[in-house]
Amino acid sequence: MIFGDTIVALSSGRLPSGVAVIRVSGHQTRFVIETICEFVPDSRVASLQTLRRGKEILDRGLVLFFPTPHSFTGEDVAELQVHGGRATVSSILHEITRLPQVRLAEAGEFTRRAFMNGKLDLVQTEALADLINAETEAQRRLAQRNSDGAQSRLYAEWRNRLVNARALIEADIDFSDEGDVPGSVADRVWTDVAALSDQISAHIRGYSAAEIIQDGFHVVILGAPNAGKSSLLNALARRDAAIVTDEPGTTRDVLEVVLDINGLKVIVADTAGIRDGAGKVESIGIEKARARGRDADLVLKLEDLTDPHPVDTSWAAGEVVRIGTKLDLASASHKRPSGYDHCISTVTGEGMTSLVQTIGDIAELKIRDAGDILPSRLRHVELLQDALSHIGSALRDVHAPLEIRAEELRLATDRLGRITGAVDVEELLGVIFSQFCIGK
Ligand SMILES: Nc1nc2c(c(=O)[nH]1)N(C=O)[C@@H](CNc1ccc(C(=O)N[C@@H](CCC(=O)O)C(=O)O)cc1)CN2
Ligand SMILES: Nc1nc2c(ncn2[C@@H]2O[C@H](COP(=O)(O)OP(=O)(O)OP(=O)(O)O)[C@@H](O)[C@H]2O)c(=O)[nH]1
Ligand SMILES: [Mg+2]
């Protein structure tokens, strides 16, 4: 695909930086190199050159040329690896964009061209955005695998199976016209389609793991006022994120910190202490605490060992871990308290390592069984569910004419095709590429 404009952008990170990578893509790329560099280097080989504006030296840097189609975008691409000073980069960008039919790239425009030229499919494109935004090891791994094409290959394999099934069923339809072939081939086909249906269901269930990996595992700290909730939040965050006082009712609003536990994003929320007879502001806080607790993946239920006021958490949907606090203050008689999963002191740090370990283990357990390849967007899940319901119709309506059942399989194939963009993508492009930064 030929685009009118040649695009240019700073593709590396924030300035100033040691080195900055300026990327150019499009049919004017050669002309850009000829104008500001000394020579067009051999394909895909770095060359050290002086960059000039007329006679004036702008910088000395590495220049690479990737002729079409063997480049990231599939177009002619150049990379200028220059000194990462703000003025250096802006003067080079200025010189390049002065040339005819060359302009600054929009966010995600390089990747959009790569997609248009068939270098990437939709799922890989989304995963590339995720890879760039990945902050934890689990996010990186998920994005890496999907950008690598593993998810796309899985869907391609499923589409193939459906296409094969349809071919055999349609063959059966033709045969049965002649009235002499029984439905034996069809029986085998339907068994495989049923197996595929189970596989797709299992894959869809994996989305909850993808959500935990991408959005974080949600932990909510609940307990009576003064139980030590904010102190625990601060100890987990290793900083003074929340205000701590000896006055009950200090925390009124929900306060979140984001942690990385064993490579997994964990969001911990501190909440207002739950009690009856609280004033207006505090009551609103308590309502928020309950709401958060209901949706949490894990509730940490805190009780002051020296003055326990257990709160009811039977309404919580996720797992509940009971924690005794202020272990350092607990008297000898309290020293071996029972009924707690963990006892901690945020003053001495006792029990903290083991508590963090437990949070990590529970989170890990939720994603462990999900398999390697996960749907990473609601978009994927919706199309997978669509595909599944068409397959379900085909399987269920055993008395329907084979033509109709085969058509259901065709619709399922189409839905799977939409996930990778093999079918009908135009309307999605804007949404997907708006997630990118400039230079990507
Ligand atoms: N300097 C630099 N580093 C980078 C990138 C880049 O664009 N520039 N990338 C940008 O994301 C990533 C690497 N991704 C890339 C993907 C494809 C091609 C490429 O030239 N593909 C050609 C040739 C393939 C081959 O030789 O095997 C092609 O697909 O035809 C380059 C980088 C990360 N590192
Ligand atoms: N000795 C000791 N004191 C603690 C410990 N944890 C908390 N405290 C003290 O207990 C009091 C209440 O702590 P907070 O963390 O503010 O309690 P909270 O549950 O957030 O209270 P509210 O926000 O009012 O619901 C403060 O004076 C803390 O210093 C602990 O492990 N050991
Ligand atoms: Mg508090």
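Student: How many residues of domain 2 are in contact with how many residues of domain 3?

Tutor: This is a predicted model. An automatic or database assignment divides the chain into domain 1 (6-119), domain 2 (127-206 + 375-421) and domain 3 (219-368). The C-alpha centres of domain 2 and domain 3 lie 44 Å apart. Contact here requires C-beta atoms within 7 Å, and by that criterion five residues of domain 2 touch four residues of domain 3.

Student: Of what classes are the residues on the side of domain 2 that touches domain 3?

Tutor: That side belongs to the five residues of domain 2 that are in contact with domain 3. Sorted by class, they are one nonpolar, two polar and two charged.

Student: Is E79 buried or exposed?

Tutor: E79 lies in strand β5 (residues 77-84). Beyond four places in sequence, E79 is in contact with V21, R23 and L64. The cut-off for burial is 20 or more other C-beta atoms within 10 Å. E79 has 21 such neighbours, so E79 counts as buried.

Student: And K119, how does that residue count?

Tutor: K119 sits in the loop between α3 (109-116) and α4 (122-133). Leaving aside neighbours within four places in sequence, K119 is in contact with F72, T73, G74 and A114. With 18 C-beta neighbours inside 10 Å, K119 counts as partly exposed.

Student: Which residues does the UniProt annotation "binding site" cover?

Tutor: The annotation comes from an unreviewed entry, and such annotations may be inferred rather than shown by experiment. E79 and K119 are among the residues around ligand 1, along with V21, F66, P69, H70, S71 and F72. The UniProt record covers R23, E79, K119 and K440.

Student: How does the shell around ligand 1 divide by class?

Tutor: The shell includes F66 and P69 as well as H70 and S71. E79 and K119 also belong to the shell. By class the division is four nonpolar, two polar and two charged.

Student: Which helix gives the largest share of the shell around ligand 2?

Tutor: There are 24 residues around ligand 2, and G228, S230, S231, T251 and G273 come nearest. By class, the shell has seven nonpolar, 13 polar and four charged residues. The largest share is three residues, and they come from helix α9 (residues 229-237).

Student: Why do the buried residues of α5 lie on the same side of the helix?

Tutor: The buried residues of helix α5 (residues 137-147) are A138, Q139, L142, A143, N146 and S147. They are on the same side of α5 because, around the axis, they cover an arc of only 155°.

Student: What do the buried residues of α8 pack against?

Tutor: In helix α8 (residues 207-215), the buried residues are A210, I212 and I213. Seen down the axis, they fall within an arc of 160°, so they line one face of α8. Just after α8, G216 takes a positive phi of about 110°. The elements that the buried residues of α8 pack against are α5, β7 (217-223) and α11.

Student: How far apart in space are I344 and D369?

Tutor: I344 lies in the loop between β12 (342-343) and α11 (352-368). With 27 other C-beta atoms within 10 Å, I344 is buried. I344 and D369 are 25 residues apart in sequence, and their C-alpha to C-alpha separation in space is 30 Å.

Key
Residues numbered from 1 in each chain as written. Chains lettered and ligands numbered in written order. Predicted model: local features only at pLDDT ≥ 70, side-chain atom pairs only at ≥ 80, totals over all residues. Near = placed C-beta within 6 Å. Helix = DSSP H or I, 4+ residues; strand = E, 2+ residues; numbered from the N terminus. Nonpolar A, V, L, I, M, F, W, Y, C, P; charged D, E, K, R; others polar. Buried ≥ 20, exposed ≤ 12 C-beta atoms within 10 Å, placed from the backbone. Arc of directions from axis to C-beta. Contact = placed C-beta atoms within 7 Å.
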